[in-house]
Amino acid sequence: MKNSASVVAARYRLGRDSRRCEVVDPCQVDNGGCQHRCEAMDRRPQCTCPEGLKLADDQRNCIDVDECQMPGICSQQCRNTWGSYTCLCNTGYQLGTDHKSCYSK
Ligand SMILES: [Ca+2]
């Protein structure tokens, strides 16, 4: 485990004038504190999440998007999964090739 002094030191380097410290890419240190992707925005880490996930309130971790809360995403039943979702059909129906619509058998 890194100690905090080395983490702080790694965020800065000596600038060209040899007097002031410059911020190094914040994503290079501990991934900017991000659980998934990190992008440096104006020298600050901006965390982003893969498709199907969204940033949590802490702006660092990623949590699941509950697609089933979006109206009309499945024509009949919807089951939320981590990072995705699955549409299901009532008895007597089968799922179409779009994986969203149900058709009577
Ligand atoms: Ca989901």
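A residue is called buried if 20 or more other C-beta atoms lie within 10 Å of its own, exposed if 12 or fewer do, and partly exposed in between, with the C-beta atoms placed from the backbone. His99 is exposed, because 10 other C-beta atoms lie within 10 Å. The structure is a predicted model, in which local features need pLDDT of at least 70, side-chain atom pairs count only at pLDDT 80 or more, and totals for chains, interfaces and linings use all residues. Residues are numbered from 1 along each chain as its sequence is written.

**Confidence**
- The predictor's confidence in each residue is its pLDDT, on a scale from 0 to 100.
- The average pLDDT of the chain is 88, and 89% of the residues score at least 70.
- Over residues 5–9 the pLDDT stays under 50.
- For residues 5–9 the model has 3 contacts beyond four places in sequence, a contact being two residues whose C-beta atoms, placed from the backbone, lie within 7 Å.
- Where pLDDT is low, the predicted coordinates should not be read in detail.

**Overall layout**
- The chain has 1 helix and 10 strands; helices (H or I, at least four residues) and strands (E, at least two) are DSSP runs numbered from the N terminus.
- Read from the N terminus, the order of elements is α-β-β-β-β-β-β-β-β-β-β.
- Of the 105 residues in the chain, 8% are buried.
- Among contacts with a separation of 6 or more, 13% join residues 24 or more positions apart.

**The annotated domain**
- An unreviewed UniProt entry places the feature "domain: EGF-like" at residues 64–103.
- UniProt positions are given in the numbering used here, feature names are shortened, and annotations may be inferred rather than shown by experiment.
- Residues 64–103 are 0% helix and 40% strand, and their end C-alpha atoms lie 29 Å apart.

**Strands β3 and β4**
- β3 and β4 pair in the antiparallel sense over 5 bridges; strands count as paired if DSSP finds at least two bridges between them.
- The two strands form a hairpin with 2 residues between them, and Asp42 in the turn has a positive phi of about 55°.
- Ala40 stands opposite Pro45 in β4, and Glu39 stands opposite Gln46 in β4.
- In a regular strand the side chains alternate between the two faces of the sheet.

**Glu39**
- Glu39 is in strand β3 (residues 37–41).
- Glu39 is partly exposed, because 14 other C-beta atoms lie within 10 Å.
- Leaving aside residues up to four places away in sequence, Glu39 touches Cys27, Gln46 and Thr48.
- Glu39 and Pro26 are 13 residues apart along the chain, and their C-alpha atoms are separated by 8.4 Å.

**Positive phi in two loops**
- Gln59 is not a glycine, yet has a positive phi of about 65°.
- Gln59 is found in the loop between β5 (53–55) and β6 (62–64), and is exposed, with 11 other C-beta atoms within 10 Å.
- His99 is not a glycine either, and has a positive phi of about 60°.
- His99 is found in the loop between β9 (93–95) and β10 (102–104).
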